[in-house]
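Subject: Structure handover and notes

Dear colleague,

Please find below the structure I promised to pass on, followed by my notes on what was found in it.

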Amino acid sequence: MILFVLIRIVFTNFTAAAASLMPVALTVAIGSPFNPVWLGMICVVASSTSYLFPSQSAGNMTTYSLGYYSGRDMLILGLILTLVIIVFTLVAAFTYWPLLGIPKM
């Protein structure tokens, strides 16, 4: 998931990030013991993280241009929010998703 988040930094659009990373996730899942649906869901959640830099989405650039916060402020809060999302997603992926019938392997 961290790898997907790091790759997401270079994309300015969620749809482009998900469309580009999903084939990678599915190829990795096929070559590993992981369930492709399970890994694909992790990929989609990781693709939705765009809180680190103003250039990651149009909404970020719009609010940043108003000047209420600096790039450093966004990076600090974005790191915290991204880490919370990673932890929450991995806890859900290993505990809750299997209860729904989506096993990791």
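To begin with the overall burial, 33% of the 105 residues in the protein are buried, where buried stands for a relative accessible area under 20%, exposed for over 50% and partly exposed for the range in between, with a 1.4 Å probe and protein chains only. Please keep in mind that this is a predicted model, in which local features need pLDDT of at least 70 and side-chain atom pairs count only at pLDDT 80 or more, while totals for chains, interfaces and linings use all residues. Residues are numbered from 1 along each chain as its sequence is written, and side-chain values use heavy atoms, with hydrogens and water left out.

The protein has five helices and zero strands, so that its elements run α-α-α-α-α from the N terminus on; helices (H or I, at least four residues) and strands (E, at least two) are DSSP runs, numbered from the N terminus. Taken along the principal axes, the C-alpha atoms fill a box of roughly 45 × 25 × 20 Å. The protein exposes about 6200 Å², and 77% of this area is supplied by carbon and sulfur atoms, the areas coming from the Shrake-Rupley method with a 1.4 Å probe and, for residues, with only the protein chains shown counting as cover. Of the contacts (heavy atoms within 4.5 Å) between residues at least 6 apart in sequence, 60% join residues at least 24 apart.

Next, the helix packing. Two packed helices are described by the angle between their axes and the distance between the axes. Here the axes are lines fitted to C-alpha atoms, for helices over the stretch in contact, and the angles run from 0 to 180 degrees between N-to-C directions. Helix α2 (residues 14-30) and α3 pack at an angle of about 150 degrees, with their axes 9 Å apart, which means that α2 is roughly antiparallel to α3; angles under 35 degrees count as roughly parallel, over 145 as roughly antiparallel, 65 to 115 as roughly perpendicular and the rest as oblique. Residues making the contact include Phe14, Ala18, Leu21 and Met22 of α2, and Leu39, Gly40, Cys43 and Val44 of α3. The crossing of α2 past α3 is right-handed, where right-handed means that the near helix is turned clockwise from the far one by less than a right angle, and left-handed that it is turned anticlockwise.

Val44 has its place in helix α3 (residues 36-47) and counts as partly exposed at 33% relative accessibility. Leaving aside its neighbours within four places in sequence, Val44 is in contact with Phe14 and Met22, and its C-alpha atom is separated by 6.0 Å from that of Ala18, 26 residues apart along the chain.

The axes of α3 and helix α5 (residues 71-99) come within 11 Å and cross at roughly 160 degrees, and therefore α3 is roughly antiparallel to α5. Among the residues that make this contact are Trp38, Met41, Ile42 and Val45 of α3, together with Ile85, Leu90, Phe94 and Trp97 of α5. α3 passes α5 in a right-handed crossing.

As for the rings, a search of the whole structure finds three aromatic pairs, a pair being rings of Phe, Tyr and Trp (its six-membered ring) whose centres lie within 6.5 Å, with planes under 30 degrees apart counted as stacked, over 60 as edge-to-face and the rest as tilted. One of them, formed by Phe34 and Trp38, is stacked, at 5.5 Å centre to centre and 10 degrees between the planes. Trp38 is buried, with a relative accessible area of 3%, whereas Phe34 is partly exposed at 30%. Phe34, Trp38 and Phe94 form one aromatic cluster.

Two further residues of helix α5 may interest you. Leu75 lies in this helix and is partly exposed, with a relative accessible area of 29%; its contacts, apart from neighbours within four places in sequence, are with Leu52 and Phe53. Ile80 also lies in helix α5 and is partly exposed at 48%.

Finally, Ser57 lies in the loop between α3 and α4 (58-65) and is buried, with a relative accessible area of 15%. Not counting residues up to four places away in sequence, Ser57 touches Thr12 and Ser50.
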